Amino acid sequence: MKLKKQVTVCGAAIFCVAVFSLYLMLDRVQHDPTRHQSGGNFPRSQISVLQNRIEQLEQLLEENHEIISHIKDSVLELTAHAEGPPALPHHKPNGSWVLPPESRPSFLSVSPQDCQFALGGKGQSPDLQMLAVYSLLPFDNQDGGVWKQGFDITYEPSEWDAEPLQVFVVPHSHNDPGWIKTFDKYYYDQTQHILNSMVLKMQEDPRRRFIWSEISFFSKWWDNISAQKRAAVRRLVGNGQLEMVTGGWVMPDEANSHYFAMIDQLIEGHQWLEKNIGVTPRSGWAVDPFGHSSTMPYLLKRSNLTGMLIQRVHYAIKKHFAATQNLEFMWRQTWDPDTSTDIFCHMMPFYSYDVPHTCGPDPKICCQFDFKRLPGGRINCPWKVPPRAITDANVAERAQLLLDQYRKKSKLYRSKVLLVPLGDDFRYDKPQEWDAQFLNYQRIFDFLNSQPNLHVQAQFGTLSDYFDALYKKVGIVPGMKLPGFPVLSGDFFSYADREDHYWTGYYTSRPFYKSLDRVLEAHLRGAEILYSLALAHARRAGADGRYPLSDYALLSNARRNLGLFQHHDAITGTAKEAVAVDYGVRLLHSLTNLKRVIINAAHYLVLGDKDTYHHDPAAPFLGTDDTRPSQDSLPERTVLRMDTSPRFLVVFNPLEQERLSVVPVLVDSPHVRVLSEEGQPLPSQLSARWSSATDTVPDIYQVSVLARLPALGLRVLQLHKSVDGHAMLKSSVRLYLHGRDLPVRKQEAVPVHVFPAAADDFCLENQHLHACFSGRSGLLQSIRRAGEEREQRVSCEFLVYGTRTSKDKSGAYLFLPDGEAKPYTPKDPPVVRVTEGPLFSEVTSYYQHVQTVVRLYNVPGVEGLSLDLSCLVDIRDHINKELALRLSTDIESDDTFFTDLNGFQIQPRRYQRKLPLQANFYPMPAMAYIQDAQSRLTLHTAQALGVSSLGSGQLEVILDRRLMQDDNRGLGQGLKDNKRTCNRFRLLLERRTTASKVQDGRPISFPSLLSHITSMHLNAEALVMPVAQEKPALPALRSFMPLSTTLPCDFHILNLRMLQAEDDSLPSAEAALILHRKGFDCSLEAKNLGFNCTTSQGKLALGSLFQGLELGSLQPTSLTLMYPLGTASNSTSIHLDPMEIATFRIRLG
């Protein structure tokens, strides 16, 4: 009690000092003559006085913000030591639960400058805004003649007289790391032969060129070749014959992939290239992802690439850009106030990246110049005119025919330099093909170049040869802004390759693996950070000899498996069934290994006496929170066996912010008390474990503990078997059978009331929200925020889409519905189970194909401000059906909605009535929202799925799809391998305070800070690790708090990744620290956030961030660590702009 008084007095004293200093500052403003002089020689007009006042006010606000920050730190410091025993929740007579008031104050102090960013308004607007382009185009799909989706191209032969046409033919082979065959099968059957022939054939003629992009394949091949061959490869790269383009582990999907994984696979590839070949990629090559995200140009630009190429873009946009010569542009981020994110981008103009669609507009002619298709080979030309080998007799006529195509293609671009790719999937796998292509083309080039009257210079080239020549033509250094090219912002979703065939199905295809991908990603990030911290602490203590450094190989393998899964036929769900299983096995293998890495690091970090640390792989100190029996099963949570001695838990919070969370634990006894490591009782709730709608699992109970978890830290909890049952707060259950005659299996320990009929409509509430449900369906109907009169209608319903009866049907890629969705009509009404308790209440509805849980946490702060929603989906008995969840509200969103790109940025969308229904679906890797002047409703997701808003006030998401046929894009299978899949969401309703029509009309939007943090809570769950029971004499355990200060709440530690040593299975002394400063919107009300949040205008002192560790060195680098930026200075303070992702090479110890 005494301490509480001291805290109050100190807090009050600090507050008084702050108020007094504010008063003095105001006083100084009025009397300070120097401040009056700041107007200089301007006339003392009203305007300049006002301007001065505003500037002074801004300065004061800043100073005030700093003072508040200091007060916050002082009060937090005091309260951190003043935490008495936590008060427990109690039951009110009316049946609701009341949580004790928070013992610690929470702060929200956002600097006014930090709110300016989302308002934007600086900088010129781009020449091409994709949202505006979509509104402009008719999408009429007219027949364009030989170029079916385009138009006739004409030219005057004299156009090149003054400036000859410079042609670069770029040989390439597109190698999918898994699609029809698995990664390994492709490697053994094709890829190794392509690369072996490449080394041989490129050395035959120094004029030959080749490009390669997938490092996953290249590194496997490298491990299997001789030192002599490796030297030859280095020579080919060194002399510019072979170029590594993009240089990622794979060519990633850009719709479903999350930015953590996109960056990680890029670093993995670049680090491999630097270490083994000593090369840094300069140009990006993405010919096959199904639509393109604006996140990619940002990441490539931050990695110091200077040009990029894309191919799969809606045919109507290609035609429009071709007609206006806008196929090459500077791609700029929507938020960029200047040109710092610009990167030069080349869009290929025609249908495909194969040879018939790359030499010019007429595929019938181009196919005749694909010399793999010479008569007698295995493939031919569908246009019925075969290629002819080039001889002295026919070279003049053949070269003239090809030049005509080159000239026509060149008319679509602004420069006299032309790019002509020459390749296709898994090409150049036999020496004969190398000879056929290279010898015949060389004869054509030799002829063209010997005829000055043709005004053409043709040669083999790499992608960078093309970009370099283009830059040289305009006299600019690569990477600088190219004059005379338009600036574009926005993205290229959704993609259609012909007619109304929109590739919007793959946003949801195989959602089970899309979910597993994110679980692995969260574990990888957690394992990287914890391993880096444990290793740094062990090295500092001189204990690294006893630490399992070999865990680094497990990390490395997991990076590569996660990287592989970002491939555009993996996370997309568009590979053969056996290939999907191969990916699944890899993901699960790495998930298991990462749990081991986390356990080993946590074991070391929580030991009170580090000298007692002993790593025994056969008997790990900690157990895992859950297990997965096979790659396609849902996780099964570990059950703790309770006996007379206490059980200890170590809980890992992978977030860089402290969190107050409800931590679930399964136990085999209802008599359990949960204590903090100091022995203080913690609020906890006992619930039954259900195996079905009406059956509880005998002798298994869930204990949910309310625990404050330190940022990136480990909290130790203890569980005791208690004799008296009253310490545990039980939840009560109402089970509504809806007229169905079902036996119910209950447990004695948890009261269950069974009602044979359906419920009336009912509501649940916590201190922030009041949520009402339909008694009949058990589904959410409305939400009301605390302190507001108005209920916001938010009603959930399930819908089913069928597919067409015509020959073109939905498949793994395409969504071709048979019209609007129809209501989901299960054969039985749902069983509805309502659970109410002190820490959370929930409503579970059991339908035939989907089980939904809507949970309301009765917890202060983030967890209690949104609704937790999960859908367990099983549609294995459906035929050609897709299950959707629709939210309908009275938010007046009109035709506008917002979806994220890669969890990195938000892209406004517009429902286009002129386009078919399927064209209006977009990827949703992390969130989607709708809004009007008063409200914003955000659906946060823990897995990528397809989303749309087909009517005002609506959001709908496709949960799973089961399709019985191929959709003619090469896969040769439908989607019939559905699994029981759990889709997890958070529903956040926010009030908008200062919405303006102008702002809402801009093609840019940001989530609020609360929204960002809600998303992170959903995606980075706390990991609960029980201390293995066999340990008789337990060493002292201490919670681990790695951060010495609170991170500004707009900073996210994307990764802290140990870099490899010379021996690539071991870590070096250096790590990569990757930070992202999030852009956020201040116009959403931020009350009762429950977390301590300040922003700092992007400033962060890294030197003192990690408690007990010194920052040995700090070197800012490009995103993938290939280039140092500036010199390494002694200063350890850094600055990031909003939205900036920055990488630092650091030494911790």
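Cysteine 115 counts as buried, because its relative accessibility is 19% and buried means under 20% relative accessible area. In this predicted model, cysteine 115 is joined by a disulfide to cysteine 1082. Cysteine 1082 is partly exposed, with a relative accessible area of 29%. The pair links distant parts of the chain, 967 residues apart. Cysteine 115 belongs to helix H4 (residues 112-119), whereas cysteine 1082 sits in the loop between strand E47 (1067-1077) and strand E48 (1093-1094).

## Disulfides and other cysteines

The structure holds four disulfides, including those in the table.

| Cysteines joined | S to S distance | Angle about the S-S bond |
|---|---|---|
| Cysteine 115 and cysteine 1082 | 2.1 Å | -85 degrees |
| Cysteine 359 and cysteine 366 | 2.0 Å | -85 degrees |
| Cysteine 367 and cysteine 381 | 2.0 Å | -100 degrees |

The link of cysteine 115 and cysteine 1082 is left-handed. Left-handed is also the description for the link of cysteine 359 and cysteine 366, and for that of cysteine 367 and cysteine 381.

Cysteine 345 is buried, with a relative accessible area of 0%. Cysteine 796, in contrast to the linked pairs, is in no disulfide. The cysteine sulfur nearest to cysteine 796 belongs to cysteine 871, 7.9 Å away. With a relative accessible area of 9%, cysteine 796 is buried.

## The eleven-stranded sheet

Strand E35 is part of an open sheet of eleven strands with mixed pairing. The order across this sheet is E26-E25-E32-E33-E34-E35-E44-E41-E40-E37-E38. Strand E26 (752-755) and strand E38 (905-910) stand at the edges; each has a single partner strand, so one side of each is left without a neighbour in the sheet. On average, neighbouring strands are turned by 20 degrees against each other, direction ignored.

Several neighbouring pairs can be followed across the sheet. Strand E33 (residues 840-846) and strand E34 (residues 850-857) pair in the antiparallel sense over seven bridges, with valine 843 opposite valine 854 of E34. E34 is in turn antiparallel to E35, and six bridges connect the two. Within E35, leucine 869 is the bridge partner of valine 854. E35 also runs antiparallel to E44, to which seven bridges join it; here leucine 867 stands opposite leucine 987 in E44.

All seven of the seven residues of strand E35 (residues 867-873) are buried, so this strand is largely enclosed by the rest of the structure. In a regular strand the side chains alternate between the two faces of the sheet.

## A pair of helices

Helix H7 (residues 215-222) and helix H8 (residues 227-238) have axes that come within 11 Å and cross at roughly 140 degrees. The two helices are therefore oblique to each other. On the H7 side the contact is made by Phe218, Trp221 and Trp222, and on the H8 side by Lys229, Arg230, Val233 and Arg234. By class, this contact has four nonpolar, no polar and three charged residues.

## Backbone features in loops

The peptide bond from phenylalanine 493 to serine 494 is cis, with omega near -5 degrees. Serine 494 is placed in the loop between strand E14 (487-489) and helix H16 (511-540). Glutamate 499 is also found in the loop between E14 and H16. Although glutamate 499 is not a glycine, its phi is positive, at about 40 degrees. Glutamate 499 is partly exposed, with a relative accessible area of 40%.

Phenylalanine 139 likewise has a positive phi, near 50 degrees, in a residue other than glycine. The loop that holds phenylalanine 139 lies between helix H5 (130-136) and strand E5 (165-174). With 15% relative accessibility, phenylalanine 139 counts as buried.

Key:
Residues are numbered from 1 along each chain as its sequence is written. This is a predicted model: local features need pLDDT of at least 70, side-chain atom pairs count only at pLDDT 80 or more; totals for chains, interfaces and linings use all residues. Side-chain values use heavy atoms; hydrogens and water are left out. Two strands pair if DSSP finds at least two bridges between them. Helices (H or I, at least four residues) and strands (E, at least two) are DSSP runs, numbered from the N terminus. Axes are lines fitted to C-alpha atoms, for helices over the stretch in contact, and angles run from 0 to 180 degrees between N-to-C directions. Angles under 35 degrees count as roughly parallel, over 145 as roughly antiparallel, 65 to 115 as roughly perpendicular and the rest as oblique. Contact means heavy atoms within 4.5 Å. Ala, Val, Leu, Ile, Met, Phe, Trp, Tyr, Cys and Pro count as nonpolar, Asp, Glu, Lys and Arg as charged, and the others, Gly among them, as polar. Buried means under 20% relative accessible area, exposed over 50%, partly exposed in between (1.4 Å probe, protein chains only). A disulfide is a pair of cysteine sulfur atoms within 2.5 Å.
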